[in-house]
Amino acid sequence: MRHVIIGNGPAGVVAAETLRKLDPESAITLIGDEPEPPYSRMALPYLMMGEIGEAGTYLRKDPEHYHRLRIELVRDRVEAVDTSGRRLRLKSGGGLAYDRLLVATGSSAIRPEIPGIDLPGVNACWTMADARSIMARAAAGSRVLQIGAGFIGCIIMEALVSRGLKLTVVEMGDRMVPRMMTPVAGRMIRDWCEGKGVRVHLSARVTAIRRADGGGNALVARLDSGEEIGADTIIVAAGVRPNIACLEGSGIACATGVVVDATLQSNVQGVYAAGDVAEAFNFSTGKRGINAIQPSAVEQARQAACNMAGQRVESRGNLTLNVLDTVGLISSSFGQWWGEPGGQSVELVDAPAFRYLCLQFGDDVLVGATCIGLTEHVGVLRGLIEGRVKLGPWKDRLLREPLRIAEAYLARAQAAA
Ligand SMILES: Cc1cc2nc3c(=O)[nH]c(=O)nc-3n(C[C@H](O)[C@H](O)[C@H](O)COP(=O)(O)OP(=O)(O)OC[C@H]3O[C@@H](n4cnc5c(N)ncnc54)[C@H](O)[C@@H]3O)c2cc1C
């Protein structure tokens, strides 16, 4: 049996290791197109903060790890997949045969169509190469303009602020992290960032980028309001798109990403997908979607590998769960944090203390939540939502006193267990 995995990020690596554990005799090949040993993008902010070196971002620190597990690492780019002949076409020429295939190609940063977006000094913050280029250009005191204040945008702000940069953020939504935070929470994060010296423009778009007058490397970004902002570096954090180009013409069904069933298998037998590229069943919405976070990538990779090795495992679907550290302020959102039609909700706001809790109920079950500064509740909220725990009389108590969430968990979830 020859297992081939396209993509050597966290999903690819964990799938390869799981396969080796379950199937000691099979051949396992892991193909990645980035020059570095398999690394974690999550670690890039720590690299930019100077807390770790490049080797600290590597997923496995022992250089012999893959060799020892007889996982063949190939540095190449898969250009096409022939599913009828079970063969990959590689950029370097030639091909590679497979019996079972895992697509774990992740996603790439979107470059919005803005005039000037390709000028030197305009970078994404998605790969090791991006992080190196930001570190080379963004010296203490220099001006950085960041386009986008979504999940990744907020995560990297800490690294930029800690480098002593003068940071301005432009976000087209009416709040920060609009696809993860309620309006009140998103504005609270904005206030926190402004308190840390970050300039934040909401409901604003960068419409053009040009070189500053007078030569040199400086840039100028023009906003839709007409305002111009000078910057030495511009970082684009405007979302990501699954890497599915190499699947064109393969017959593997894709929507935004690769469409998979509960076993992480695509419509083509023997071809699976996991991680940022997989469009799997979402626990919260009941629909298919992409849950582009590392814990989901790793969980899906394990499940896909079990199925590839012949042990049937079905996923219950991923719970949407985002935990975010924005320049030291911890926020999180869970499940259907935006609520459901006809459902009830409660919101507790303590703006001066940067504490916030919003609970969303459907019948007497907690379906979603958003918090700021209440890290001790993360496990409890997850447990209640994922377990679809019936709250009974605790629902009305929580509507009056939402901070009693841990008591509700002990009374209902643990008691039932
Ligand atoms: C700065 C930053 C901070 C982040 N912080 C967090 C965080 O705090 N928490 C969290 O949960 N998530 C975080 N993420 C997101 C997390 O990194 C991703 O969810 C995770 O990397 C997904 O893993 P993956 O294996 O699916 O894809 P990837 O890590 O993207 O790996 C896929 C690999 O496949 C390669 N590839 C693609 N196409 C081909 C091809 N045709 N041939 C060969 N190779 C190919 C890619 O180049 C890449 O190396 C962060 C991301 C960034 C950029």
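Guide: Let's start with Trp337, which is buried, its relative accessible area being 9%. Buried is under 20% relative accessible area, exposed is over 50%, and partly exposed is in between (1.4 Å probe, protein chains only). Before we go on: this is a predicted model, where local features need pLDDT of at least 70 and side-chain atom pairs count only at pLDDT 80 or more, while totals for chains, interfaces and linings use all residues. Residues are numbered from 1 along each chain as its sequence is written, and side-chain values use heavy atoms, with hydrogens and water left out.

Visitor: OK! And is Trp338 buried or partly exposed?
Guide: Trp338 is partly exposed, at 45% relative accessible area.

Visitor: How many aromatic pairs are there?
Guide: Two aromatic pairs. Rings of Phe, Tyr and Trp (its six-membered ring) pair if their centres lie within 6.5 Å; planes under 30 degrees apart are stacked, over 60 edge-to-face, and the rest tilted. Trp192 and Phe354 make an edge-to-face pair, with 5.0 Å from centre to centre and 80 degrees between the planes. Trp192 sits in helix α6 (residues 183–195) and Phe354 in the loop between β24 (344–350) and β25 (355–362), so this pair ties together parts 162 residues apart in sequence. Trp337 and Trp338 also pair edge-to-face, at 5.5 Å centre to centre and 90 degrees between the planes.

Visitor: What do helix and strand labels stand for?
Guide: They are DSSP runs, numbered from the N terminus: helices are H or I with at least four residues, strands are E with at least two.

Visitor: New topic: how many salt bridges does a search of the whole structure find?
Guide: It finds 21. A salt bridge here is a side-chain nitrogen of Lys or Arg within 4 Å of a carboxyl oxygen of Asp or Glu.

Visitor: Which side chain meets Glu228 in a salt bridge at 2.9 Å?
Guide: That's Arg210, with the 2.9 Å taken N to O. The two link distant parts of the chain, 18 residues apart: Glu228 is in strand β15 (residues 228–231) and Arg210 in strand β13 (residues 206–211). Arg222 forms a salt bridge with Glu228 too, the closest N and O atoms being 3.4 Å apart. Salt bridges with shared partners join Arg210, Asp213, Arg222 and Glu228 into one network.

Visitor: Last one: what lies over the face of Phe283?
Guide: Arg388, at 4.2 Å from the ring centre. The rule asks for NZ of Lys or CZ of Arg within 6 Å of the ring centre and within 35 degrees of the ring normal.
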